[in-house]
Amino acid sequence: MAELMAKSPAHGLTPVAVGGVTLSEAPMRPVWAVMPWRGKGAALSRALEQAHGLGFPEPGAMITSGQLGIAWSGLDQAFLMGVEPDAALAEHAALTDQSDAWTQLVLEGAAVRDVLARWVPVDLSPAACPPGSARRSLVGHMSALILHPGGDRFEVLVFRSMAGTAVHELTRAMRAVAAREAL
Amino acid sequence: MRYSGWQVLAQGIMGNRGWRPAWRDPAPKDAYDIVIIGGGGHGLATAFYLAQEHGLTNIAVLEKGYLGGGNIGRNTTIVRANYGLPGNSEFYSHSLKLWEGMEQALNYNVMHSQRGIINLFHSDGQRDAYARRGNAMINQGDDAILLDREGCRKLLPYLDYEQTRFPIYGGLYHPRGGTARHDAVAWGYARAADQRGVDLIQNCEVTGIDIEGGVVKGVQTSRGAIRAKKVAIVVAGRSSQVAAMAGMRLPIESHVLQAFVTEGLKPCIDHVVTYGMGHFYISQSDKGGLVFGGDLDFYPSYAARGNLPMAEHVVEAGMTLMPMIGKARMLRSWGGIMDMSPDGSPIIDKTHVEGLYLNCGWCYGGFKAVPGSGHTFAHLIATDRPHEAAARYRLDRFATGRGLMDEEGTGSQHNLH
Amino acid sequence: MLIPCPLCGARDSREFTPKGHASYLDRPAEDAPPQAWNDYLHLRENPAGDTRELWFHGAGCGAWLVVERNTVSHAVTGARLAREVRDAG
Amino acid sequence: MRVDGRGLIDRSQPVTFKFDGRSVTGYKGDTVASALLGKGVRLMARSFKYHRPRGVLTAGSEEPNALLEVGQGAAMTPNTRATVQEIYSGLTVQSQNRIGPLDRDLLSINDALWPFLSAGFYYKTFMWPRAFWEKLYEPVIRRAAGLGRITRDASPERHEKAFAFCDVLVIGGGPAGLMAALTAAKGGADVILAEETPELGGRLLSDGQEIDGTPAAYWVEDIVKELQATGRVRVMTRTTVTGAYDDGSYGALERVARHVAPADDLPPECFWRIRARQAVLAAGAHERPIAFPMNDRPGIMLAGAVRTYLNRYGVSPGRNVTIFATNDDAHRTAVELMDAGVKVAAVIDSRTGVTAKGDYRLIEGGQVIGTKGRQGLRQITYRAGSRTDTLITDCLAMSGGWNPAVHLTCHLGARPVWDADAKMFLPAPGAVPGLTPAGSCNGAMSTAACLSEGLEAGKAALAALGRPAPQGVSLPEAEDDPGRTQALWYVEGKGRAWLDFANDVTTKDVKLAAAEGYASVEHMKRYTTQGMAPDQGKSSNINALALLADSTGRGIPETGTTTYRPPFIPVTMGAMGAFAEGHGFAPERRTTSDAAARGRGAPMIEAGLWFRPSYFPAPGETTWREACDREVAMVRNAVGVVDVSTLGKIDIQGPDAGAFLDFVYTNMFSTLKVGRARYGLMLREDGHVMDDGTTARLGDHHYVMTTTTAAAGQVMAHLEFVAQGLRPDLDVRIISATEQWAQFSVAGPLSRELLNGVLDQPIDDESFPFMACGAVKVHGVTGRLFRISFSGEHAYEIAVPARYGDALYRDLVARAEALGGGAYGMEALNVLRIEKGFITHSEIHGRVTAHDIGMQRMLSQKKDFVGKAAAARPGLLEPGRERLVGLRPVEAEGRLTAGARLFKEGDPHKRVLDQGYVTSVGYSPTLGHMIGLGFLRHGPECEGQEIVMVDHLRKVKTRVQVVNPVFFDPDGGRARG
């Protein structure tokens, strides 16, 4: 039987490195939307804790544990990342596979906040966006989930179909920031 | 005093000392046959046509600020008759014809410039929708030409035909469309109405409408009570507040629409151009500024100012369509208060109060309607019968669903604009 | 303009779409008389002053909000989840 | 001329640039204006209307006269202030708005015609004959008007935009701004300090003053170090805050690299969106000219500007300077010039009882009443008491006092307040929430007062942030004499006296406006164009409204100001619209099959933000029609493959999912069996059709809805509104799954044969009947299969996780080709669906009802649903409405066009007789003629009739027959079979 080759959304577009900032695509991993049923938030959090060692995150937050993470991604919604959800969760939450729906772009480097400031209308300074933050916002005109695990690293999730635009726009910002630094 | 080239020459030689006021500054009388609330373009035009067409001159126009201080003085000056739906089609056709004789009728140069409007389209589906509209325009007796890409290139060589995000398939060209000098329209109607005996009363705010037994009796104002046999409300963005004085709730929401102008440039845009993939329209004023605008900010507002996101969006649309404008600088931005109706089309109708007439709902398209609105509203006020060109602008069409005119097809409810 | 999203905090209005007066939450019953539906769909107070309106945080958390705002000053004085406004009756 | 020992320019670095083709050498740190003045060049521009020779009036961004074109070719930028543009090696600038050389502009003929070009003259003439306006008058006026040029090419410049956030935004880096920033930062706030010029210091760099006993420039250096030491201050020089918006939002324009030669990747300008919790406005003040007769000659400039040229650039604008002033401040100019060794002819002060501040000739109670010098000032005439005399002078430094730069405080609609004592408009209290004005923009006219107000504003900002005032910020000592100013707005006399230099508005124009009844300040502005030029009247509005007040017998406060609106300085459109040029205007969405489709030579067309293949050209085909016809036949006879991933797919889950769908669709979904799909119709609440599509039930509590590509976003927002706003009682969760799945339609009689080659478990009619759906394994990958058809053929949609999309698409197409089929595109898809009478947004264009498209039976009577009540309005149910029909040409070769109108045979083609219109057309290779869908009054009742289709635009007139919209396989046997 033929085998279907998998392709990541930003296949062939990354990595890009300009002036101390690098843009790469994280390896594909399971991403599942976990959406608690009415009144089941607490129960879900316990079940998540039990099954995966992670609770349900507060709005704007991300919880990580080793290779696993769960990031708040909207009203009554979080993305469980790095693992297929335990079947027991279905009792407490709607589950939808989003593993292929997003490109996960990783920006790293000292000027990473300057690069993102070209496109993102939320404050990503360390004071406003501490390690462990998850922000739903825009990257230019694209809806995005922006994760900040810590340091000078940000993970930007945008829809798969827009991977090309996202890489292009972030690269342009990286170039402009680097050119300014050289001024 | 009649205006003419000779007059300009003669006055110039005599040191320009002989010019007379363009209008009087009368004190309000105790009573009028007709009181028009609102000294904007529509109100002034209504007064003029009542005098001109119906011989009614015992009229006061009450303006809470200065004449022409509302949307007539803050729009992007586009004049056109390129609507596709019955109701709008005949009305704007009628209005454009009045534009074409306006300067002679008013003896005032409003600089009506029929430089042509091109509505660009960017897909087969848009082309077909514009063709439907253009064919309706021709059936109405107006002019329309369907341009292909090469046709556009000839008229608009500065558009980006190669890199722009949504390629230019062509455009619907309306040669009789164009622009006019907006303030001059207000001033021209004001002067001509004044010359015919209409009292134009500035700094006079209406604070109440007197109604007895379902019949209008007059208005209360910041300058005293004024009796009137008929009262007409033509107050655009303030329609809800004034109508509330007569106990009415209107199908109107007031929104802000921004407009923009650049510093003066030598001629570079010779037509009015509209973009089909995001609201953006632009023309160049005779003075040289690029005058442009876009869509509503979408939140209701009486502040006559907007915010950056829509301003940026409008400029962005300009940048992808005609990147040359990136070299110009935005000089000024401002906002107008739009009386948005549910279906995007206006209302010219009687009300439940005898002798009280309503003209509102012009949304973001009231400028080109000024002569048509004044003319047909005057007809309604004078004869108590709707003018045939405005007969579909009924207040009850939302309740009945008959004759909705949702040109954009986005829905005839407020939250879908 | 900033909209104080109860979930995301104060956010630039560019992340939101305003969607008309909050009375749009008060949908009449199926069998309500036509006048009630006309009121609901078309007639508006359209206040020049304080108002309550719907904003959709479409480029954010996806919540529909009821925002208290002044249409003259643009001052925003509060925002709640539309769902909670409904639940509170 | 250059003055030794003065200025902040770097004299060790000469810089050569070109002005009107001539090489000019200045120094690093010079502006074009200072460099030209340094070489004795006074003539830099021509005025807007009269084309009078002009030099600089100011030394800042408010310059009304010296506007230049910078650069050449496609990158040329017009209307650039010579007073702002810094010089660099290789810079090319040229004067503008002239015909011929600058010193012999042919359009200066206008200056001789001035008596006929008075305010608003054009409203009174050019009306006859009517047709001449567009043909003659307007073109002539347009060519004469305007300022600089832009070429019609795109600029190669790539600007940028960015967002910034801070606790305190300090606008202006003069004494008040520096103190405010220092105080706020030392109090623990994160500060952005935005300064328009390249250096912090403001007027401290222009005026020879001392602070704490040291020259002010040294004090500035110390403060800047102190600011940096806090680690909390982001200094943004060359940055002008251009607008105040709601809730602490500000726009700002940074000239990132306008002072250096262009380089790749380096944005020339950046438009900032700054969000500040608090702000301090320390924007300073603009000096006011005096409108005396013939006050516009090159060499006549503001007294404060003369000091700036002297102390900042080491340039004296004249060798023999006269000062004409109404106030003490301008006397400093004389003192400074003399200190620098420049000759001062006299100080003419309009006041009496004034003492000279130095050893210069003081003429008290004097007014300048005339000037001479066509291309540059040579002589002035003044009157003092009863005496009239002349002075030879090449520079007249004038000062009518200072106007606080209140502009930003007015951007939210507040009006400034007139201070009758100080004779200035001041910011209204609380004008912009969170913004505190400080310094001379707030009327503080001494350095000490500016420093003090800055400190206090910094504290106020901290207090508003809930922070205590910091220790260790002390108020420095400085000059504390605000001086006295006499109100002198204009001087009567022979000849024109300019108010608005940029728009050539004179005192006569304002008087004329008042005489003609244009007496409101807004009428005056609009009638005369006062204040509407690129400088927006920064130096002229107050004089003009004072004159209007006098002319109408009102006071200044009753007259009021016009409205100050953003932007404070003109903003480069390329910066405000940065990133949008070319493809940047909107994201591009690409399907997983995009590369494969392009690889097959398919032209891609936009479908919303997506790209989809139009058709797949085969060898030998020369037109799209050939490809389209072949692809249609392929689907009808074998099997075709098309990517349908762009359609919206929405996961709807929950115990109440069925009830939810019943509410958003007109028809029932709670009764749908698991493993089945159903067509659904969705209305807006106004009773018109919003969208349609199939929804499949994957489990008891799990549906997946399909929307059209065009309406996917709208439907998603709508469902969220219903779930959160209208029916929060329902337990349902919604999420878009559009991007998760690559979904392909496999259509045609051989579709099942093809699929059984890729499915791990083969299917048949029994396991997978028409409208069935379910999970499948595709080459071992878990996917979904739906037996639905948009072509009328036996068809499926097969979905796999998007990572496999590219591979599966290539595999499906290859297998289709092996079966005599292949890939098909949008053109064929469109023909196939028209043959079946299936609608798209060409038909459901927003104004149609279910009744109009023949789906009134889908409006369930058993339940409430969105749009039900409004759809029952009588106007939406009238039989005479335009309703969906099929159209076929009476003659087989007859042409149909979408957008054409329909008429009864014999009727004139008038709007009142219009019967409807055509929405979709295509050539049906299956039927051998064109087919179309359209809307016709009374619709289906007219089936069988012959009518006329008229397309004026494409010059097509065709007799057509009204038919059922389903042209092909009307009983649907092929799809079910």
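Guide: Domain bounds come from an automatic or database domain assignment. Heads-up: this is a predicted model, in which local features need pLDDT of at least 70, side-chain atom pairs count only at pLDDT 80 or more, and totals for chains, interfaces and linings use all residues. Residues are numbered from 1 along each chain as its sequence is written, while chains are lettered from A and ligands numbered from 1 in the order in which they are written.

Visitor: OK, chain A to begin with. Which residues make up domain 2 of chain A?
Guide: In chain A, the assignment gives 18-28 + 100-181 to domain 1. The C-alpha centres of domain 1 and domain 2 of chain A are 24 Å apart. Domain 2 of chain A covers residues 31-97.

Visitor: Which element gives the largest share of the side of domain 1 of chain A that touches domain 2 of chain A?
Guide: Domain 1 of chain A puts 9 residues into the contact and domain 2 of chain A puts in 10; residues are in contact if their C-beta atoms, placed from the backbone, lie within 7 Å. On the domain 1 side, the elements giving two or more residues are β9 (133-139) and β10 (142-150) of chain A, where strands (E, at least two residues) and helices (H or I, at least four) are DSSP runs numbered from the N terminus. With 4 residues, the largest share comes from β9(A).

Visitor: And how many residues does domain 2 of chain B give to its contact with domain 1 of chain B?
Guide: In chain B, domain 1 is 23-77 + 183-250 + 343-396 + 407-416, and domain 2 is 114-176 + 254-340. Their C-alpha centres lie 29 Å apart. Domain 1 of chain B brings 15 residues to the contact, and domain 2 of chain B brings 14.

Visitor: On to the assembly. Which chains share the most contacts?
Guide: Start with a pair that doesn't touch: no contact joins chain A and chain B, whose closest C-alpha atoms lie 10 Å apart. There are 5 pairs of chains in contact, and the most contacts are shared by chains B and D.

Visitor: What gives the most to the side of chain D that touches chain A?
Guide: That contact uses 39 residues of chain D and 43 residues of chain A. On the chain D side, β8 (160-171), β35 (649-653), β39 (733-736) and α19 (805-818) each supply at least two residues. With 6 residues, the biggest giver on that side is β8(D).

Visitor: How many charged residues are on the side of chain D that touches chain A?
Guide: For the classes, Ala, Val, Leu, Ile, Met, Phe, Trp, Tyr, Cys and Pro count as nonpolar, Asp, Glu, Lys and Arg as charged, and the others, Gly among them, as polar. That side has 20 nonpolar and 6 polar residues, and the charged ones number 13.

Visitor: Which residue stands opposite D:I652?
Guide: β35(D) and β39(D) pair in the antiparallel sense over 4 bridges. Within β39(D), the residue facing D:I652 is D:I734.

Visitor: Which residue in the turn between β1(D) and β2(D) has a positive phi?
Guide: Strands β1 (residues 10-19) and β2 (residues 22-28) of chain D pair in the antiparallel sense over 7 bridges. Along that pairing, D:V15 stands opposite D:G26. The hairpin has 2 residues between the strands, and the one with a positive phi, about 50°, is D:D20.

Visitor: Which residue of β7(D) stands opposite D:F19?
Guide: β1(D) also pairs with strand β7 (residues 92-95) of chain D, in the parallel sense and over 2 bridges. Facing D:F19 there is D:V93.

Key: Two strands pair if DSSP finds at least two bridges between them. Two residues are in contact if their C-beta atoms, placed from the backbone, lie within 7 Å.
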